[in-house]
Structure formats: C-alpha cells, structure tokens
Amino acid sequence: MAATPPTFSLPRNKSFILKSSSPLHSSHILLPNPNNNKNRFRITCEINNSLRSWSIEHVREMNKDSSVNSNTNSSSSSSSLVSVSAATSSEFRTKNAKKVVLFFCDETKSLAQKIAAESDAIELRTISWGKFPDGFPNIFIPNAQSIRGQHVAFLASFSSPAVIFEQIPVIYQLPKLFISSFTLVLPFFPTGTSERMEDEGDIATAFTLARLLSNIPISRGGPTSLVTFDIHALQERFYFGDNILPCFESGIPLLKRRLQGLPDSDNIAIAFPDDGAWKRFHKQLQHFPTIVCAKVREGDQRIVRIKEGDPKGRHVVIVDDLVQSGGTLVECQKVLAAHGAGKISAYVTHGIFPNKSWARFEHDNGGHPESAFTYFWITDSCPLTVKQVMNKPPFEILSLASSISASLQI
C-alpha cells in the first residue's frame, strides 16, 4: 500500500521549502485562508525531483471534503493554480548543499572566487606558496587541522611543468589530513594531445600525467574525484587507475547558452575543423546545421576542404576542444568564407595560445569573415590566457565557475 504523502503547514504570505530524503511524486501543503485565519486550504502539489532541488510543477486547491488522493478532474473540482515563490530554490540548495572547502593555486585565484560566489556552501581557503633560496617550493597549509572531517577540493592549473611540481605535493597531502573526501578540479588536462605513440621511442605524456594523478592517496571517503573539461581524446579516461574517479565535463553547454542569446541565433551553423572534433561534439550540437571540414593532401600540401554541409549565408561557429597556434582554425575560416559564410566565429574550451598566438585573431565588425572573427569564445580553463585576452575583441570568456560549483556537489 502506498505511503501517505507528508503534509506541510505554512505561515501566511511566506515562501516555503520542500525537504525530503527520498523522491516524492506528490505532497500536500496547508496554506492559510486569506479570509479566515482559522481555516486553511489543502492543496496538492506535483513535485519534480529530477534535478538537485525541488520544483513545484503543479498546485491544485482541494475542496474541504475532498479526499487527499482524489483524482477528480478540473471540471468537477474547484481547482486553481496557486502561485509559489521560486526564490526558495536557491535557499533550499544552500541549506542542503554539501559544504566544501576549496583550496586554489595562485593562477586559479580568480576562478576560485567566482566558484565560491556561486554557492554559500563553498568556503575558500588559502595556501602559502613560497620558495626556498634554491628555487624549490616552500608550501604551507594554514590551520590544516581545521579541515578534518570536511569535504575538500583543490582547483589546479597545470600550465607548465614547474607549477605542476609545485601543486603535486599539495594534492598528495590534502587527502592525508583526515578529510571526508577529496576532489581535484583540473579544468584543462594539459598533456592530452600527447596521447599516442606513432614511432618506437615516442613518450605518451598524457599517460604519464594520468598515472601521476592516479597515485593520489586515498582519503577517508575513498578515491579522489577528478573533474576535468573536454579532455582531448576520450580514450584517455582509460589511462587513469582505480584510485581516482575521473568526472569528464564539457564547456559546450556554456556555448549553447551564449548562442541562444545572439540576435541571429536562428541562423547559426556549427563547423568542425576535422573528424575528431565532430566525433567529440556533434551529439551535443546536433540541433544546429552542421559543416564538417577535413584536411586533404594535394601534392606536398595539406589543404582544408569542406567535407559536408553548406555555410552559405550562415553565421558559422567553428568548434574544437583546444587551440594552440590557431593554424587549423584559420584555414577552416578561409574555406568557410570562400563558400559564402556571412559571419564566422569560433569556440574552444581551452585557449592555450603559446607565445601570444591569440594576437593573430582579429575582430570582424562586419563584412570581413575571410580575415577576422565576429566572436572567439574560450573558457577560463587556462587562467594565464584569460588575463591576456580579457576585454580584447573578438575574445569573450565563458566561465566554468557554475559548472565546477555544480560538480563539487556530486
């Protein structure tokens, strides 16, 4: 026999929060009668718990003598929609969210502050990053005993071998401080493009870094969780050992949200510079018209051609996981413009841009898609790049803060 749904009693003119440790399909709430303080209305609610917080899908006022579980339709009952304050959603998430202590390195300070601003459940804590006279790290975690029994995360940035060596000792030490769980947030997995061997003697450094992270000590709560975004090759998930639980997130939802806000959102087409990008992202972008480019060999040269799709008259957005020198994007841009693209923009999750190669990308104010970009979107997964391109059109930064904040609640 089904259990009777719980009943909630609420004060007048107040928003309310629904709490439950198990999924509910319906619930009953007693609301004050505005005409009589002694009498109350009984209403039934259909509740959606498919996300991380409750939401009211439908509210129906019940007659005084009606059965709580009555299935009468709206034509035979005095049904009416009751307005419920949506402001309680954030309050509910805050009160029921997992409290997380978030540490960060110098490079990720700005992103860490944005993440903490997303939720009152995230507490920022600092680390003293010093150096000995010989240049080796001199690191100290202030008040380390205070994090015992807490959920702890570290926001890393592996922008160079030097900073990797600085952060690895901290990453290895935090799980040993009797914490409840440990999460390593590494937005960009930097050796991802070195994932295979083509000749005997090649070193797949992606595998080496994955093994390094797989040996992070186990905390009291179990293996370390690793949160990373748009890793270059999906097979790299198999490089990690059993002592780490990789959580592979994507920046594409941020791009989709931004595209929806464009004035020409109904004229967008997505272009992939090669088959690899298409395999990675086409399922997430399948509702847009698609163009696939490919490199073909002509004599001693490799030339970019359009493999499928028509860019004519479209605002074409080239999508890839990362960019370094940008040569492939530029070649793709030229062929799209030659086939009639009206505007050309680009999105990459990770803007690496060594040696300030971002400077080659100019802003198109209109009419020059063959040589300039309308928009160039990157995330803040590479903090050093963000500092360089901030407020420099065509670049726009799509922050991963909200995505990371949500991942810390998993």
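A: Let's start with a term. A salt bridge is a side-chain nitrogen of Lys or Arg within 4 Å of a carboxyl oxygen of Asp or Glu. Keep in mind that this is a predicted model.

Q: OK, which residue forms a salt bridge with Asp 275?
A: Lys 307 does. The closest N and O atoms of Asp 275 and Lys 307 are 3.2 Å apart.

Q: Where do those two sit in the chain?
A: Asp 275 is in helix H6, residues 275-281. Lys 307 is in strand S15, residues 301-308. They are 32 residues apart, so the pair links distant parts of the chain.

Q: Is Asp 275 buried or partly exposed?
A: Asp 275 is partly exposed, because its relative accessibility is 32%. Buried would mean under 20%, and exposed over 50%.

Q: How many salt bridges are there by that rule?
A: The count is seven. Another of them joins the side chains of Lys 343 and Asp 264, at 3.6 Å from N to O.

Q: What does that pair tie together?
A: Lys 343 lies in strand S17, residues 343-351. Asp 264 lies in the loop between helix H5 (252-260) and strand S13 (268-272). So the pair ties together parts that are 79 residues apart in sequence.

Q: And are those two buried or partly exposed?
A: One of each. Lys 343 has a relative accessible area of 36%, so it is partly exposed. Asp 264 is at 16%, so it counts as buried.

Q: Which residue pairs with Arg 125?
A: Glu 123. The closest N and O atoms of Arg 125 and Glu 123 are 4.0 Å apart. Arg 125 counts as buried because its relative accessibility is 12%. Glu 123 is at 39%, so it counts as partly exposed.

Q: New topic. How many cavities of 30 Å³ or more does a search of the whole structure find?
A: One. The largest cavity holds about 30 Å³ of space.

Q: What lines it?
A: The lining has 10 residues. The closest to the cavity centre are Phe 188, Phe 189, Asp 230, His 232 and His 350. By type, the lining has five nonpolar, three polar and two charged residues.

Q: What about the phi of Asp 230?
A: The phi of Asp 230 is positive, about 45°, although the residue is not a glycine. Asp 230 sits in the loop between strand S11 (224-229) and strand S12 (244-249). Its relative accessible area is 2%, so Asp 230 is buried.

Q: Which other residue has a positive phi although it is not a glycine?
A: Phe 178 is one, with a phi of about 60°. Phe 178 is in the loop between H3 and strand S10 (181-185). At 49% relative accessible area, Phe 178 is partly exposed.

Q: Last one. Where is there a cis peptide bond?
A: Between Pro 393 and Pro 394, with omega about 15°. Pro 394 is in the loop between helix H8 (383-389) and strand S19 (395-398).

Terms used
Residues are numbered from 1 along each chain as its sequence is written. This is a predicted model: local features need pLDDT of at least 70, side-chain atom pairs count only at pLDDT 80 or more; totals for chains, interfaces and linings use all residues. Side-chain values use heavy atoms; hydrogens and water are left out. On a 1 Å grid over the protein atoms alone, a cavity is a set of points where a 1.4 Å probe fits but cannot get out, and a pocket is an open set with protein on both sides within 12 Å along at least five of seven lines; lining residues have an atom within 4 Å of a point. Grid points are joined across faces, edges and corners, and a volume is the space filled by probe spheres set on the points. Ala, Val, Leu, Ile, Met, Phe, Trp, Tyr, Cys and Pro count as nonpolar, Asp, Glu, Lys and Arg as charged, and the others, Gly among them, as polar. Buried means under 20% relative accessible area, exposed over 50%, partly exposed in between (1.4 Å probe, protein chains only). Helices (H or I, at least four residues) and strands (E, at least two) are DSSP runs, numbered from the N terminus.
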